[in-house]
Amino acid sequence: FRAMGLFDWLAWFDKNEVIPENLKPLDRSMADTSEVQAFFKQHDWHPYDPQMPWRHPCIAQNRQLAKCFKAQDKDMPLKVAHTYCLLDRKELMVCLTKHKKKLREQEAQQAQEGGSAT
C-alpha cells in the first residue's frame, strides 16, 4: 500500500481514453434556477419581496427593483433582466443586509441588558 500524493490522482486516468467531442463544461450561468427559487420559496426577481411591509427601511429599493424588472421586455429571458437590473438588486441586497445586521445587534443588546438585569 502506498500513500497517495497530491498529483497521483492524475495517474488514475487512462491516457488512451476517448473523450466525447460533444462534451462541454457546465455553464452555470445558463442553468435553470426555477427549481432553486421554488425550493427556497423565492420570488423570480430575488431579492424582491412583493409582500414587503411599507414601513420596512428598504421599501424604496424594493420598489425600484420592481420598476426595473417591469420595464424589461416580456420576451427577454429572466437572466438578461437580472443583468440589466444588477445595480438595483445590489442596492436592495446591501440595504437588506444592513437591516438584518441592525436587528441582530438590537437583539444581542436586549439579551445582554436582560442578562445583566437579573
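Modeller: Counting the bonded cysteines along the protein chain, the disulfides follow the pattern 1-4, 2-3. The structure, which is a predicted model, holds 2 disulfides. They are set in a chain with 4 helices and 0 strands, its elements running α-α-α-α from the N terminus on.

One of the disulfides is formed by Cys58 and Cys95, with 2.0 Å between their sulfur atoms. Cys58 belongs to the loop between α1 (34-39) and α2 (59-70), whereas Cys95 is part of helix α4 (residues 86-117); the pair therefore ties together parts that are 37 residues apart in sequence. The torsion about the S-S bond of Cys58 and Cys95 is about -95°, so this disulfide is left-handed. As to burial, the cut-off is a relative accessible area under 20%. Cys58 counts as buried because its relative accessibility is 0%, and Cys95, at 13%, likewise counts as buried.

The other disulfide joins Cys68 and Cys85, whose sulfur atoms lie 2.1 Å apart. Here Cys68 is located in helix α2 and Cys85 in the loop between α3 (78-84) and α4, so the pair ties together parts that are 17 residues apart in sequence. With a torsion of about -95° about the S-S bond, the disulfide of Cys68 and Cys85 is left-handed. Both Cys68 and Cys85 are buried.

A polar atom of the Gln72 side chain lies 3.1 Å from the backbone oxygen of Cys68. Gln72 is also in contact with Cys85, as well as with Ala81 and Tyr84, when its neighbours within four places in sequence are left aside. At 17% relative accessibility, Gln72 counts as buried, because the value falls under the 20% limit.

For the setting of these residues in the whole chain, buried residues make up 19% of the 118 residues. Of the contacts between residues at least 6 apart in sequence, 50% join residues at least 24 apart. The protein chain exposes about 10700 Å², and carbon and sulfur atoms supply 57% of that area.

How values were computed: Residues are numbered from 1 along each chain as its sequence is written. This is a predicted model: local features need pLDDT of at least 70, side-chain atom pairs count only at pLDDT 80 or more; totals for chains, interfaces and linings use all residues. Side-chain values use heavy atoms; hydrogens and water are left out. A disulfide is a pair of cysteine sulfur atoms within 2.5 Å. Helices (H or I, at least four residues) and strands (E, at least two) are DSSP runs, numbered from the N terminus. Buried means under 20% relative accessible area, exposed over 50%, partly exposed in between (1.4 Å probe, protein chains only). A polar contact is a pair of N or O atoms within 3.5 Å; within protein, one must be able to donate a hydrogen and the other to accept it, and residues adjacent in sequence count only if both atoms are side-chain atoms. Contact means heavy atoms within 4.5 Å. Accessible areas come from the Shrake-Rupley method with a 1.4 Å probe; for residues, only the protein chains shown count as cover.
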